[in-house]
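Have a go at each task before you read its solution.

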Amino acid sequence: MTTTYTYSLPIGPIHPALKEPIRVVAEVEGERVVRADVKRGFAHRGIEFMGMKRNAIQTLYLSERICGICSISHPYAFVKAVENAIGMEAPPRAQYIRTIIAELERIHSHILWLGVIAHEMGFDPLLYWTWKGREMVMDLLEYLTGNRVNYAMYMIGGVRRDLNEKKIRAIKENMNYYRQFNQEMKDVFMSDPTYKARTRRVSLLTRKDALELCAVGPTARAAGLRMDIRQDQPYDAYADMDVRAVVPQDITGEVMGDAYDVTLVRLYEIDQSIEIIERCLEDLPPGPILAEPNLIKLLMTIKRSEGEGVGRHEAPRGEVMHYVRFDGTRDGPVAWKVKAPSYNNINIWGRVLVGAEIADIPIAVGYIDPCMCCNDRVAEVRRGGRELPYEEVRRKCREKTMRIKREVMG
Amino acid sequence: MPTKMMMVLIKQMFRKPYTNRFPVKYAPKDVTGLIQKVLRGEVKIHPPVPVPEDFRGKLAYDPERCIGCKMCIRVCPANAMEFIPETRKIRHYVARCMFCALCVDVCPGKKLPGEEAPVKALKMSEEFLIADYDKYSKNLVEE
Amino acid sequence: MILEMLQDPLVRVAFAVLLPIIAIFLGLFYKGLDRKLSARLTSRIGPPIRQPFRDVRKLFLKENIVPENSIPWMFNAMPLVAMATSLTLLLYIPFGPFPAPLEGRGDLIVLLYLLAMQPLAMALGGFASGSPYASVGAQREMVLMMSYEVPLATIIVGFAYLYASVPAAASAVWAPFSLGMIAQTPVWAVVSGPVGIIGLLILLGVLLVVTPAELVKIPFDIAEAETEIAEGLLAEYSGRNLAMFYLSDAVRSFAMCAIVVVLFFPHTLSSLVPLTAYPWNTEPVLFTLETLWFLLKVFIVYFFAVTLVRTSFARIKVDQAAKFFWLHMTLAALFGLLLIYLDVGGWF
């Protein structure tokens, strides 16, 4: 009888395959993973608590900083939630502009993922090439909103910047570029033998598992589930667009639920986004862009209103949901809950990693496009945890800042 | 085994690199010396990538136009504004600013005599090279 | 004249001492070219060509950390072994017009062992590191080595078989495994018909596929997979030891491409262009030209077998690599060998 020895291979919190801190401990037997454990909570910032101390407009900009990539998805869900709670609706033009920006973000996020997954399998030139193509949409977003990452575009009851003729023309040119670039990407990704070898039958997620573990977004769609908030509960301009979920059975005719299917879903979703943007531009209605242009008045309205609201948005990674409650005493939420798509999707790691090879770990980790700081809403301290009074934390922070300052300034 | 990727790569090889150039080709031994040389016009550097119109750079504050209404302080998500009661003006800490331009949106501005419409006291400039060691340096506090 | 000078044992020793230094320089220079070209392929500007030299200098200045739960003597010895074998490897390869310094004291078989030595040293160093990443990397390296050695050995057997068929009188020394002889008589002239040429082309293809595996480059850099096991074998190495591995890798890359050149493209410049017709036909000029020609050939092989391959493929998994070498490459190599057998036997 032979005895097999297993040993644990820690992936993270700091590891080249991870872009953000999370810990995956894999029990390995040779090259095969027999058990996997995920520990999260390294990027907890207490952002919900901070939001409950600010007014609604300030919290909106805080929500933009929950995630560095989906910097429109969280504000989108937040403004929908607040509008839901105070019974306000954005004017049609603002709704269309919101949809355009959200879809532009989907294009850049999906291309980002395609590059990241290529990097995970050591295919760096593909990363450089896809990200080179991504620059165009980043520049476009900078042109439309004034910044590359934190767009500061949405406002409760509308958007803050209008699209003029010049900007509309720039978007149209960009979409023509992306139609061509996406075709090239499809050719490259779908014909590459090593890419296929690394993703086919890797991190297989069955339809049943996806349902059981509440997978959302492209991950769930790759498993064959036709679920997409834009299709199931259309909001804003999506209601006029008749969005259909992109699933692999419509593309190749079969569902594997592996990393290759996720690639397909994402590639075809870029096409879908281009279509949505072009239709939005065609039907862009005239009119105001803000339901309440006076921000101080808006804050007063929020202060007077009582109630709770839920906002859902199909972020590039899946459904993001915000919940807010106002109690009529202050102009900010008294309760704010954020549920990011990675929160659901990280759960599937435990299942897809068992039986995988070590080489599959980065792909299985990367294929849901995890966003740690999106999903880290709670940090748990097991041993030696002690609650410090606010003043002491503040004093310690100051001491540290002064020390660093002395070191830097000399 | 020729793949599509190989074709893409070989095509790229004969094009100009896509990367934005660094100001100088290789890291200089003495950065401060280089900056001084550039200021004197002895060395030419690659210029930074131009920013688009409506770019949200460092906030420009004109105290002349400020009426001290404190609206910017109410909406500022980063609490980067401070009210100075003596002068009834604001002080803006750029180190805290997150460049959302909300204060610019709410600023009512002031109409100086002879003008038709009020002009805002705050506006976003195109300046973005504002890194500093000291967050309270002259460049990063506006009043 | 130069060749006669090289017969002098003293000159030969001097040459043998000088060659490793030249080899280190060339290895790092080719690495610089490789990085620059790889950057241009991916639309980047890339580091200056002298960057590998700076990297090595910096690594030598850095602290050499030996992990607590490692086996220190083995951990420290393996970089030296790897370095030494890489440099020895080069002493067996005819450097352009110059004969190999150790000419006649070893042949293709020794080369095969020396090629296996460096990965072995790296694997042992990995096992001695006492880190799970390094041991996974070392396991992978062993598996990979076992896989690509078979096609490589088949190629060498094919060569020996081919050269053994040459009548003894045709060459001065009858040594079918000698690299010197292979360098002097291009293999394409030894085969007699199209079948043999096809066989040789297959062997060349197999050798070009084995090259990146031999050099631990993408798509076969499985043992050093950065995103999977954090540089694997080298995870715990730092400072001087890492610099040694870096240098040995650079030298080996050059040597491996030089082996491909010597085996398959030993054609001298004078055999292609009638250099003797020109008036400046002095020996030093000829030797310089021939050396440059050799370096150019190595560079072309380097570009196609290493740079282009490592930029246009993803890293494959170790079981896929093993299957690929054991099944596809071994079969291809054996088929090439069969064709050469048929050719030599005069069946066609």
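**Exercise 1.** Work out why C:Val17 counts as exposed.

*Solution.* Start with the value: C:Val17 has 52% relative accessibility, so it counts as exposed (buried is under 20% relative accessible area, exposed over 50%, partly exposed in between, with a 1.4 Å probe and protein chains only).

Before moving on, a word on the model: it's predicted, so local features need pLDDT of at least 70 and side-chain atom pairs count only at pLDDT 80 or more, while totals for chains, interfaces and linings use all residues. Residues are numbered from 1 along each chain as its sequence is written, chains are lettered from A and ligands numbered from 1 in the order written, and side-chain values use heavy atoms, leaving out hydrogens and water.

**Exercise 2.** Describe the contact between chain B and chain A.

*Solution.* First, count residues: chain B brings 29 and chain A brings 38 (contact means heavy atoms within 4.5 Å).

Second, take the area: about 2,900 Å² is buried between chain B and chain A, with carbon and sulfur atoms giving 60% (buried area is the accessible area, 1.4 Å probe, that two parts lose on being put together, summed over both). In chain B, B:Met5, B:Arg56 and B:Arg74 lose the most area to chain A, together 23% of what that side buries.

Third, look for charges: there are four salt bridges between chain B and chain A (a side-chain nitrogen of Lys or Arg within 4 Å of a carboxyl oxygen of Asp or Glu). B:Arg74 pairs with A:Asp331 in a salt bridge, the closest N and O atoms being 3.2 Å apart.
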